Amino acid sequence: MRVRLFVTCLIDIFQPETAKAAVRILERRGAQVSVPEAQTCCGQFAYNAGYRDEATALARHFVEAFAKDEADAPIVALSGSCAAMVKEIYPELVGDDPRFPALHDAVSDLSEWLLENPGPAAAGGEQIPVAFHTGCHMRRLLGLSDEPKDVLRAAGAEPRTLRDADQCCGFGGTYSMSEPEVSTAMAEAKLQRFQEAQLEGAAALVGSDWGCLLHMAGRLSRTGRDAPVLHLADVVDLADTGPLTAGRLREAGTFGRRGER
Amino acid sequence: MREAWPIRRYRALQDGELRRTLARVLPRMAEGRVRAYEDDPEAEVRRVRARDRRREAVRNPGLVERAMAAIEARGGRAAQVRDGEEAAAYLIEIARRRGATRVVKSKSMVTEELELNQRLAAAGIEVRETDLGEYIIQLAGERPSHILAPAIHRNRSQVKDVFVDAATGFGVEAPASDDLDVLTAFARRQLRADFLSADIGVTGGNFLVAETGTLILITNEGNADMVTTLPEVHVALVGMEKVVESFEDLTDLLPVPAMNGVGRRLSSYTTMISGPRQPGQLEGPEEFHVLFVDNGRSQIRGTPFEEVLTCVRCGACYNVCPVFRQVGGHAYGSVYGGPIGSALTPLLSSLRYAHDLPESLCTLCHACVEACPMDIDLPHHFVALREQAVREGLKPKGVSLTYRTWSHWWESPRGYRRSIRLARLAQRLYERRGRLQGGPGLLGGWTRTRDMPPVARETFGEWWERQEERRHG
Amino acid sequence: MVESRPIEEFTARWRSLTGIFHDARGQDPRTALGKVLTDLVPEAGPALVFEDPGFPVPDMAEWLMGFGYEPIVVRASAAGPVDVDGLPWERKNLKEAAARAALGISTGAWAVAHTGSVAVYGDRDHGTWPSLLPPAHLILLRADSIYATLGDGLRRLHFEPGGLPPEVKLITGPSSTGDIEGQPVIGVHGPARVGVLLVDAH
């Protein structure tokens, strides 16, 4: 089965290891992965800030980049928020493009694809508790909240929902840059919940959006509280290649080391 | 003059006690709503019907006139007022005619909006707020910080401080402790005397039924019923968007504020007032007036923002908003705070006056629209207001230049890659121990409080290209 | 016919809101009154009774005196409310009497099972001050006036013989607030304790 990877700009530029992990787990599950090379960014940063014309231009470019070939192959996104941009916002920006409806229907989040295409069963052993953070757009715009947790369970992790899980972590795209003070106060509230989860045994903070995760990992790093932070794809890739352990999660997920591998 | 957002933000984030209080109280209110729906399977059906009736009502421009005719037919008086000045003039005229000097009020956001208390005070009329939360902030000289619980920013010991100061001024015994029953008893005792001696009672209105001219007041404390039945005059100020068509609509509407605000099927008191007292009746006012307030509402009607007028002021969006939970209501610098306030404030006044609200107090997390019983799509409206701010040139030039250049470069793979190569060069200035700890423009906003990984030595795209070349090359 | 399901649902919801409820159906009304008053009022004192011409309880004042209360009677008449001696009440005096009463007694026009609410009217024949000014309020409620839903109750308002009353108040629990730290406190301005005495239809 052919699968097109919607890498997303943050992962492409700052967390390429997650995209490589995604390619590996997709291929292990029988997918023939292609990466439309012209893809850049979905344009959400411009749309959210009120630059509609600019966002529309980026949306048109997305359609160009993905409509080139294999019009029916699933497009698997590595960010719930970027997938939501295409599925929920693009209709008002590029809804008039005849090529768009097929793209719209092809896009799904990685967790949905993984649930439909389960891979090799996780090597038994004990389930490793991890704290799971569901991104707001994943939860509220795509309506996915159990799916990523089901994927983690199948990978041998025990996802734990944070207290006040309904609360945004404060990332909010460029909100994190234009309003660093409020954004950071929100990150601290979220990280307090994460630390509670750590005390109860959570070995890592896992999410399916590097936006939220970079924001929280960046705060942990700045305040000297390094803790493993990983994307769902990273965790599944680890589980595919051996039993999940707290040590392997730490090795793979510590901020600042990721780029060095 | 409205204080600038950075000042309001600084003050709010400095206040750790405020954040602790909000973190304790707001989740409880939000969970109450969720549980109430779980507990009552038909509530969702009623909510959707209520929403549809509200949507029809705000689109119907004839309802106010129908309501006015119905009120007059039952012996009440009705008028329309454009703004705070007209509303105050109407009340001052009544006060002069009757020689009245003392007003008691129940909680009303619209009177806050009209700055009615200040206007009446300037005319020598003494106004006493009687809702416990409003009483606290009136004594403290503050503004409400939450639509349901105006004094939510104060904890019990801070409330006690306010009452102790007030007791000294009144020459009465101060509350002996910060026990909640003691504090409440102090307010009850003080306010009872005000109720019994007041000349005019002023209320807002949760809804008003056009068909019968019936005013609906929903409260828990019982103060509104004091205000409407003890003085000889009752004046209700009702936003023109609060009118609903028929009595039948109330079946689905009456439970909405309490269900969604605090998770109760009905508040303690739901009072329906259809006129002044009848001949032979001793309770209730001799005069019953309803003022329909515009104050910017008609400029929202018929625009893409019209649905914000369906808001029933339940407070559900305040309770779930993650930004509100960090900064509290005063940070909005406006009468209506919280998510709905971030839309209502600029729409009722102007975007130039309050574009900071939709821009700076929302991460677009969509929690508000999920909680809203009227399904008001606030995130959508915030984006539309941000777009309007861009069109009206309200954004700093440097910000617009950044977004435009960024978007332009990323419209092509070539520009995208070039920007990455440039960033790799530039980031050497800011890289410490494998992390970016500073940067220009927006990146600098990030790195002020958080580290950022540097641009990867090889992006995924570059790596993939290398793989493809190896495979096919 | 009196349906039992709404009565049961109302009873359960009202109990969960106030805890003060007594089913006097088929019981001696005086004994039942004594029981509910024990739950409702810590100490006997002045009791404001607004008599409902549509629901007379002729011995109420006498019973109250028997329990040590000082009844203050408001009785509707064509010329306006009168006291127990037939002398007309003045608004100011009635206000003061209500404010010093330890207990208010009035009749519920109807009730809603689903929300646990009782409707009281303010019109020529009914008063709402007994439900507002004293620290405790007792509602006499006829078992045949309990509707299943709020809509059923509201629809009835259109058929009131005197027309829509100037004031209709739905009481759903005691006077309460959460204005300090979101913590519930009862008895802010209105009664902290409100009880229902459920009586037979006749």
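Biologist: In which helix of chain B is the place of Asp252(B)?

Modeller: Helices (H or I, at least four residues) and strands (E, at least two) are DSSP runs, numbered from the N terminus. Asp252(B) is placed in helix H12 of chain B, residues 250-253. This is a predicted model, in which local features need pLDDT of at least 70 and side-chain atom pairs count only at pLDDT 80 or more, while totals for chains, interfaces and linings use all residues. Residues are numbered from 1 along each chain as its sequence is written, chains are lettered from A and ligands numbered from 1 in the order in which they are written, and side-chain values use heavy atoms, with hydrogens and water left out.

Biologist: Does one call Asp252(B) buried or exposed, and why?

Modeller: Buried means under 20% relative accessible area, exposed over 50%, and partly exposed in between (1.4 Å probe, protein chains only). Asp252(B) counts as buried because its relative accessibility is 11%.

Biologist: Which residues is Asp252(B) in contact with, leaving aside its neighbours within four places in sequence?

Modeller: Contact means heavy atoms within 4.5 Å. With those neighbours left aside, Asp252(B) is in contact with Arg46(B), Arg49(B) and Ala50(B). The side chains of Asp252(B) and Arg49(B) are also joined by a polar contact of 2.8 Å. A polar contact is a pair of N or O atoms within 3.5 Å; within protein, one must be able to donate a hydrogen and the other to accept it, and residues adjacent in sequence count only if both atoms are side-chain atoms.

Biologist: Where does Leu141(C) lie, and what is it in contact with beyond its neighbours within four places in sequence?

Modeller: Leu141(C) lies in strand S7 of chain C, residues 136-142. Its relative accessible area is 0%, so Leu141(C) is buried. Leaving aside neighbours within four places in sequence, its contacts include Phe10(C), Trp110(C), Val118(C), Ile146(C) and Leu198(C).

Biologist: How is the size of an interface given?

Modeller: It is often given as the accessible area lost when the parts come together. Here, buried area is the accessible area (1.4 Å probe) that two parts lose on being put together, summed over both. Between chain A and chain B, about 5,900 Å² is buried, and carbon and sulfur atoms give 60% of this. On the side of chain A, Ile13(A), Tyr51(A) and Arg222(A) lose the most area to chain B, together 12% of what that side buries. In terms of contact, 67 residues of chain A meet 68 residues of chain B.

Biologist: How many salt bridges and polar contacts are counted between chain A and chain B?

Modeller: A salt bridge is a side-chain nitrogen of Lys or Arg within 4 Å of a carboxyl oxygen of Asp or Glu. There are 9 salt bridges between chain A and chain B, and 34 residue pairs are in polar contact, with both residues at pLDDT 80 or more. Helix H11 of chain A (residues 180-199) gives the most to the side that touches chain B, with 8 residues. By class, that side has 32 nonpolar, 20 polar and 15 charged residues. Ala, Val, Leu, Ile, Met, Phe, Trp, Tyr, Cys and Pro count as nonpolar, Asp, Glu, Lys and Arg as charged, and the others, Gly among them, as polar.

Biologist: Which two side chains meet in a salt bridge of 2.7 Å, and why does the pair join two chains?

Modeller: They are the side chains of Arg9(B) and Glu179(A), at 2.7 Å from N to O. Arg9(B) lies in helix H1 of chain B (residues 5-14) and Glu179(A) in the loop between helix H10 (175-178) and H11 of chain A, so the pair joins two chains. Both Arg9(B) and Glu179(A) are buried.

Biologist: How far apart along helix H4 of chain C are Glu96(C) and Lys92(C)?

Modeller: The two residues are 4 residues apart in that helix (residues 91-100), about one turn. Glu96(C) is partly exposed, with a relative accessible area of 44%, whereas Lys92(C) counts as exposed at 55% relative accessibility.

Biologist: What is the phi of Arg433(B)?

Modeller: Most residues other than glycine have a negative phi. Arg433(B), although not a glycine, has a positive phi of about 45°. Arg433(B) lies in the loop between strand S11 (431-432) and strand S12 (435-436) of chain B.
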